[in-house]
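Biologist: Could you take a close look at the links between side chains for me, and then carry on to the surface and the backbone? I would like the cut-offs spelled out as you go.

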Amino acid sequence: MGYSTFSLHCSLAFLLVSLRLINGDVSYSISEEMKRGSVIGNIAKDLGLELSRFSARKPRIDAEDNNALYCGINLNTGDLIVHERIDREGLCATKASCVIKQELVLENPLELHRINIRVQDINDNSPQFKEDLLKLEIHELASKGTRFLLGEAHDADIGDNAVQGYSLAQNDHFKLNVNTKGGGRKYCELVLDKELDREEKKEISLLLTAFDGGSPQRSGTVVIHVTVLDANDNVPVFSQNVYKASLPENSPLDTLVMTVSATDADDGLNSEITYGFDHVSDDDSEVFSLDPKTGEVRVAKNIDYEKLSSYEMQISAKDGLGLVSYATLIIEISDINDNAPAISLKSLTGPIAENVSPGTEVGIINVQDRDSEKNRQVRCSIQQGVPFKLLPSIKNYYSLVTTGQLDRELVSDYNITITATDEGSPPLSSSKTVHLSVADINDNPPVFDEQSYSAYVTENNKPGSTLCSVSARDPDWRQNGTVIYSLLPGEVNGAPVSSYLSVNGDTGVIHAVRSFDYEQFRSFKVQVMARDNGSPPLSSNVTVSVFISDVNDNSPQILYPAPEGNSFMTELVPKAAHGGSLVSKVIAVDADSGQNAWLSYHIVKSTDPGLFSIGLHSGEIRTQRDISESDNMKQNLIVAVKDNGQTSLSATCAMYLLISDNLAEVPELKDISYEEKNSQLTSYLIIALVSVSTFFLTFIIIILGLRFCRRRKPRLLFDGAVAIPSAYLPPNYADVDGTGTLRSTYNYDAYLTTGSRTSDFKFVTSYNDNTLPADQTLRKSPTDFADVFGDSDGSPEVGMCSTLSNMET
């Protein structure tokens with residue numbers, strides 16, 4: 001039988017017992033004092049976890065109530081192994097059931113499994129008596145069969161490994177009686193088997209042995225020293241066999257718990273009673289004190305309900321001669337709310353992507369309260385104003401989940417305060433702050449500071465000059481918020497936009513690539529894109545309008561009269577012209593705009609300064625007074641045309657006027673403009689003039705004869721319209737009335753005399769598309785004139801008339 005018991009305990013010490021799952025928990029049964037590294041069980045297999053992913057899920061062991069970690073995990077095999085020494089007596093003392101509670105935490109996804117490890121006792125403690133020597137004083141008159149309580153030996157083991165029996169060494173007077181208390185504890189009594197005779201033997205020494213039921217069996221001994229006394233036939237008697245008291249934990253030291261009392265019918269020394277604790281563990285005896293004279297039981301040490309909820313002690317009452325009686329003292333400890341809830345963070349995910357969906361679990365919180373019943377009921381709450389909440393999970397666990405959409409650009413970090421409050425009176429609470437960071441995603445495109453930009457630059461700018469800068473902001477973080485600028489493809493006047501502008505990709509500064517010309521174009525628009533470096537990148541566009549301002553870089557261009565050297569331009573002024581009569585007009589344009597194109601006309605040199613004047617802004621040449629016979633027939637005018645720019649630019653032209661009613665009166669007409677330039681050309685003109693004059697002389701005589709009755713006064717030959725061809729006009733000149741820049745068509749009256757077929761005049765016959773271009777010379781023969789003056793009835797003289805000029809505005 002002893003060998004079978006020994007084999008059974010050895011098996012319990014080294015082998016795993018049954019594995020069972022209760023409500024998702026894993027339970028194991030092991031023996032105490034197993035070596036570190038011993039395998040408890042393959043928890044990965046028992047939980048149905050894939051061993052290939054077991055290590056990646058970061059398994060770890062936590063302990064409930066923040067106790068020590070007695071287990072560990074072999075990540076390679078999935079085995080649950082012993083991590084620390086497991087001493088059942090140190091963990092559970094005399095409790096019949098000793099269970100270690102551990103927790104397995106897994107991530108990806110978050111999982112929590114409870115592990116219950118039942119620790120089996122082995123026989124590693126020997127029975128021990130409280131004292132090495134037991135002293136008994138027995139009166140010699142003690143009758144046979146008198147019993148003397150020896151108490152019990154203490155064995156830290158439980159069950160069969162605890163004290164199972166006692167034995168007494170062979171002697172002549174005593175035998176041993178073994179009894180069992182409530183709870184199965186065994187104690188012994190010394191029974192007087194033969195009357196004592198003090199005169200024969202005053203002292204007797206006995207050897208008492210206590211043994212347990214373990215395998216191998218362990219034992220302990222104590223020597224009993226018996227002193228034979230004179231007769232004392234009454235033992236103290238307690239008022240109660242069992243004393244019960246209730247005491248709240250944390251009672252002040254020296255608090256009176258209760259008073260025990262016993263009486264002795266003897267007199268004198270035999271009736272003097274002394275109280276004491278009998279067979280009480282050192283820990284219990286230190287918590288309470290017993291006054292040996294009065295029997296008062298008082299608090300001697302701090303009492304903690306969470307450590308031990310009740311105390312059971314044996315009290316002895318001994319009279320003066322050594323007779324002893326015993327009573328049991330039971331003290332129940334009541335719980336008070338003296339422990340605040342403890343909050344522990346079991347798992348936390350971070351940082352959290354800002355685009356996580358509401359309801360995402362980001363952490364696991366555990367709340368424990370060491371108090372009992374109502375005092376350990378805990379309510380958990382979270383601060384207001386954060387997009388998170390706590391959801392109850394298994395047992396005392398809570399899941400921290402999101403309740404709304406996160407936005408890192410609004411809040412990048414959260415300090416979440418979790419408060420746990422128990423139901424005690426008064427309630428106790430504790431708080432814990434959890435820090436969560438929000439990870440950025442590229443969810444914001446760059447936004448320009450302005451809806452559109454305008455840049456102003458003067459023409460003829462230097463290439464590379466700065467026009468303006470654009471700025472866009474991206475509230476995202478790091479590369480998601482880094483902005484790069486670029487020009488969108490496009491064309492300006494048929495050329496790529498990149499040939500006009502460039503933009504600095506980092507700063508957004510826009511530079512001119514070329515020099516701009518206001519006369520080519522005055523403004524244009526480009527699109528600038530701001531793109532971030534996220535994945536995928538986001539972008540936005542903005543319109544940049546570039547306005548080119550004019551500078552005075554174009555001199556006035558004289559359209560009429562034509563520049564010298566192109567043709568011989570002569571204006572005839574009738575002798576009968578009155579003061580204020582329109583003689584001619586200088587027509588000029590300026591490619592610039594605004595005040596740079598405002599033209600003014602000035603006569604800088606003339607043959608007779610007081611005869612002609614020019615309109616300051618119209619360019620019309622008029623007579624200042626009536627023509628007199630003394631005025632020089634040949635009048636030369638030098639006209640300057642100036643613009644109104646900051647630095648004024650100008651151009652000049654020569655105007656040749658001939659005061660005559662007909663060309664016959666001017667024998668040397670050709671000398672007006674060419675006498676200083678080309679003598680050979682002058683000779684040709686004189687010969688031609690004489691020939692033509694001779695031809696027309698006859699023709700005029702005939703006409704004069706037919707129209708003899710008519711007034712001999714110059715008549716209007718025809719209204720000429722001088723058309724300024726579009727080729728003469730710069731592409732961008734402005735039509736501004738009264739400023740010197742005229743519309744495309746301008747009408748005025750010209751005077752023609754006989755013999756003018758070789759003269760150069762700019763004539764048109766209408767205001768429509770049949771207008772004769774200004775660069776052609778009208779040369780008419782006498783026949784042509786006859787066709788024009790069909791009503792002359794063959795008169796040899798052509799009448800000329802003058803009209804005021806008409807202007808189309």
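Modeller: Happy to. The count comes to 1 disulfide, taking a disulfide as a pair of cysteine sulfur atoms within 2.5 Å. Before going further, please keep in mind that this is a predicted model, where local features need pLDDT of at least 70 and side-chain atom pairs count only at pLDDT 80 or more, while totals for chains, interfaces and linings use all residues. Residues are numbered from 1 along each chain as its sequence is written, and side-chain values use heavy atoms, with hydrogens and water left out.

Which cysteines form the disulfide? They are Cys 92 and Cys 98, whose sulfur atoms are 1.9 Å apart. The torsion about their S-S bond is about 65 degrees, so the disulfide is right-handed. Both Cys 92 and Cys 98 are buried, where buried means under 20% relative accessible area, exposed over 50%, and partly exposed in between (1.4 Å probe, protein chains only).

Now to the charged links. There are 18 salt bridges, each being a side-chain nitrogen of Lys or Arg within 4 Å of a carboxyl oxygen of Asp or Glu. One of them joins Lys 346 to Asp 62, with the closest N and O atoms 3.8 Å apart. Lys 346 sits in strand β25 (residues 342-348) and Asp 62 in strand β4 (residues 60-63), so this pair ties together parts that are 284 residues apart in sequence. The strands named here, like helices, are DSSP runs numbered from the N terminus (helices: H or I, at least four residues; strands: E, at least two). Lys 346 also meets Glu 103 in a salt bridge, at 3.9 Å from N to O. Glu 103 belongs to strand β7 (residues 99-106) and Lys 346 to β25, so here the parts tied together are 243 residues apart in sequence. As for cover, Lys 346 counts as buried because its relative accessible area is 11%, Glu 103 is buried at 1%, and Asp 62 is buried too.

Arg 298 and Glu 296 form another salt bridge, their closest N and O atoms being 3.1 Å apart. Arg 298 is partly exposed, with a relative accessible area of 23%, and Glu 296 is partly exposed at 24%. There is also a network of salt bridges that links Glu 33, Arg 85 and Asp 87.

Glu 33 leads us to the backbone. Its phi is near 65 degrees, a positive value in a residue other than glycine, and Glu 33 lies in the loop between β2 (25-31) and β3 (39-42). Lys 395 likewise has a positive phi, about 50 degrees, although it is not a glycine; its place is the loop between β29 (388-392) and β30 (397-402). Most residues other than glycine have a negative phi, and most peptide bonds are trans. A cis peptide bond joins Ser 425 and Pro 426, with omega about -5 degrees, and Pro 426 is in the loop between β31 (413-422) and β32 (429-439). Tyr 560 and Pro 561 are also joined by a cis peptide bond, with omega about 0 degrees; Pro 561 lies in the loop between β44 (557-560) and β45 (571-573).

Last, the surface. Patches are made of residues with over 30% relative accessible area and no salt bridge, joining like charges within 9 Å and nonpolar side chains (Val, Leu, Ile, Met, Phe, Trp, Tyr) within 5 Å. Accessible areas come from the Shrake-Rupley method with a 1.4 Å probe, and for residues only the protein chains shown count as cover. Leu 133, Leu 207 and Val 223 make a nonpolar surface patch of about 210 Å². Val 223 is found in strand β15 (residues 219-229) and is partly exposed at 33%. A patch of negative charge gathers Asp 172, Asp 197, Glu 199 and Glu 200. Of these, Asp 172 is in the loop between β11 (163-168) and β12 (174-180) and counts as exposed at 60% relative accessibility. For charges, Lys and Arg count as positive and Asp and Glu as negative, with His and the chain ends not counted; the place of a charge is NZ of Lys, CZ of Arg, CG of Asp or CD of Glu.
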